[in-house]
2 protein chains.
Amino acid sequence: MRADAKRNYDLIVTAASEAIARDGAYASLEEIARSAGVGSATLHRHFPTRWSLLQAVFGGCVRNLAARAGDLLAASDALDALTTWLHEVTAYATTTRGLADSLLNEPAEESETCGATLVAAGEPLLRRAVDEGSVRPGITMADLMILANGISLAAQPMGAAKAEQLLTLALRGIGPAVRPQP
Amino acid sequence: MRADAKRNYDLIVTAASEAIARDGAYASLEEIARSAGVGSATLHRHFPTRWSLLQAVFGGCVRNLAARAGDLLAASDALDALTTWLHEVTAYATTTRGLADSLLNEPAEESETCGATLVAAGEPLLRRAVDEGSVRPGITMADLMILANGISLAAQPMGAAKAEQLLTLALRGIGPAVRPQP
DNA sequence: AAACAAGTGGGGTGTCCCCCCACTTTTCGT
DNA sequence: ACGAAAAGTGGGGGGACACCCCACTTGTTT
């Protein structure tokens with residue numbers, strides 16, 4: 001890639017980060033180009049679709065979360081590691097404007113999407129918890145991601161605290177407290 | 001209201017129902033006006049915001065669901081009645097294009113919103129299940145609605161079956177099957 | 001039947017996404 | 001070091017949209 005192309009690429013991603021943090025995933029692409037100091041055609045050449053731009057903006061966050069999943073594999077309690085990670089994902093998706101929309105609406109056909117990365121990163125955590133017997137088998141990480149995502153999206157207006165509470169609720173179920181078994 | 005005003009109002013709602021069923025909650029307002037045979041200004045005068053139109057379109061469905069909640073109050077098993085109703089709401093919101101978006105994005109400040117109607121309708125079902133002891137106290141119907149809504153929204157691309165499965169998961173929790181207690 | 005209020009739609013403005021095309025900048029072989 | 005090919009750029013136009021103003025039409029009322 002040519003030097004100036006990379007320079008513009010970075011300028012666009014930086015400007016997009018700010019605009020999306022302010023206006024959400026549907027921030028105006030023209031305004032992003034304007035504040036990056038490039039023509040709208042340039043933005044459109046680097047990022048043919050809105051989601052390719054969102055992917056570039058959120059790629060870093062997603063990689064961080066994936067790495068965090070790797071770290072948590074070393075924790076002693078598998079169930080706790082899984083729920084901790086899901087809470088972190090939910091908190092991030094709720095707090096970071098546009099992330100939840102981005103994860104939900106990205107075209108499902110492509111591989112290398114943010115959602116697929118997160119699912120792949122969380123899979124070992126889930127498998128470990130299932131092996132341990134603390135999570136019922138038959139549950140897939142894709143299911144849990146959709147759940148966490150949906151909660152993030154629906155609870156976004158209420159703030160991260162509500163999202164976390166709802167995630168806790170969904171992971172526990174609505175039934176009465178179960179007495180710890182011998 | 002004048003006779004022709006009501007006539008146009010109905011024409012617009014009918015056209016909007018079709019357009020939204022086809023294109024989702026963000027269907028073009030101009031095209032709705034065009035296919036209703038009225039000017040865009042007329043549409044905009046009857047429905048100042050997109051959500052006021054969505055409310056008119058989905059008001060019937062919402063009232064049906066609310067009535068269904070009333071019927072289920074007569075069921076013998078309170079927990080079953082609650083979960084059945086939540087499943088019906090989820091199925092409806094997942095199947096009917098635009099409903100989930102509409103419920104989620106409607107301005108929270110107004111009363112008489114579709115979401116508020118559903119919450120109010122479900123409240124007795126929840127209270128009965130809590131009194132019965134089959135649902136842990138501290139859970140509000142608003143929480144459950146957000147949950148059901150989020151699931152509908154996030155699972156929409158995968159279809160109603162996936163949404164129902166995820167709702168079951170969320171109501172049960174992820175833990176291993178609990179042996180029926182004496 | 002006539003006057004008044006309520007309702008209507010065409011057209012204008014500003015914004016947005018997307019694309020084409022003439023021009024500029026970087027890179028690389030000599 | 002230099003000039004040509006290749007890669008990149010941005011201005012501007014087309015099409016669609018939401019929203020609003022205003023002269024005109026239509027229904028209602030006494």
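Let me begin with how helix packing is described here: axes are lines fitted to C-alpha atoms, for helices over the stretch in contact, and angles run from 0 to 180 degrees between N-to-C directions. Helices (H or I, at least four residues) and strands (E, at least two) are DSSP runs, numbered from the N terminus.

The structure is a predicted model, in which local features need pLDDT of at least 70 and side-chain atom pairs count only at pLDDT 80 or more, while totals for chains, interfaces and linings use all residues. Residues are numbered from 1 along each chain as its sequence is written, chains are lettered from A and ligands numbered from 1 in the order in which they are written, and side-chain values use heavy atoms, with hydrogens and water left out.

I turn to chain A as a whole. Chain A holds 9 helices and 0 strands. Along its principal axes, the C-alpha trace of chain A spans about 65 × 35 × 25 Å.

Two annotations come from UniProt, whose positions are given in the numbering used here, with shortened feature names; such annotations may be inferred rather than shown by experiment. An unreviewed entry lists "domain: HTH tetR-type" for residues 6-65 of chain A. That span is 82% helix and 0% strand, and its end C-alpha atoms lie 26 Å apart. The annotation "DNA-binding region", also from an unreviewed entry, covers residues 28-47 of chain A. Over residues 28-47 of chain A, the model shows 75% helix and 0% strand, with the end C-alpha atoms 14 Å apart.

Next, the packing of helix α5 (residues 78-95) of chain A. Its axis lies 10 Å from that of helix α4 (residues 50-72) of chain A, at an angle of about 165 degrees. The pair α4(A) and α5(A) is therefore roughly antiparallel; by the cut-offs, angles under 35 degrees count as roughly parallel, over 145 as roughly antiparallel, 65 to 115 as roughly perpendicular and the rest as oblique. Contact, meaning heavy atoms within 4.5 Å, joins residues of α4(A), including Cys61(A), Leu65(A) and Arg68(A), to residues of α5(A), including Trp85(A), Glu88(A) and Tyr92(A). This contact of α4(A) with α5(A) has 8 nonpolar, 1 polar and 2 charged residues. Here Ala, Val, Leu, Ile, Met, Phe, Trp, Tyr, Cys and Pro count as nonpolar, Asp, Glu, Lys and Arg as charged, and the others, Gly among them, as polar.

What is the angle between α5(A) and helix α7 (residues 114-132) of chain A? They pack at about 150 degrees, with their axes 8 Å apart. These helices, α5(A) and α7(A), are therefore roughly antiparallel. Among the residues making the contact are Leu82(A) and Trp85(A) of α5(A) and Gly122(A) and Arg128(A) of α7(A). By class, the contact of α5(A) with α7(A) has 11 nonpolar, 1 polar and 2 charged residues.

In chain B, the axes of helix α1 (residues 3-23) and helix α4 (residues 50-72) come within 9 Å and cross at roughly 85 degrees. That makes α1(B) roughly perpendicular to α4(B). The contact includes Tyr9(B) and Ile12(B) of α1(B) and Leu53(B) and Phe58(B) of α4(B). Its residues divide into 10 nonpolar, 1 polar and no charged.

Finally, the two chains together. A rotation of 180 degrees with 0.0 Å of shift along its axis superposes chain B on chain A, with an RMSD of 0.1 Å. The two copies are thus related as by a two-fold rotation axis; the superposition is by least squares on the C-alpha atoms of residues with pLDDT of at least 70 in both. Because 100% of the interface residues of chain B are also interface residues in chain A, the copies meet through the same surface.
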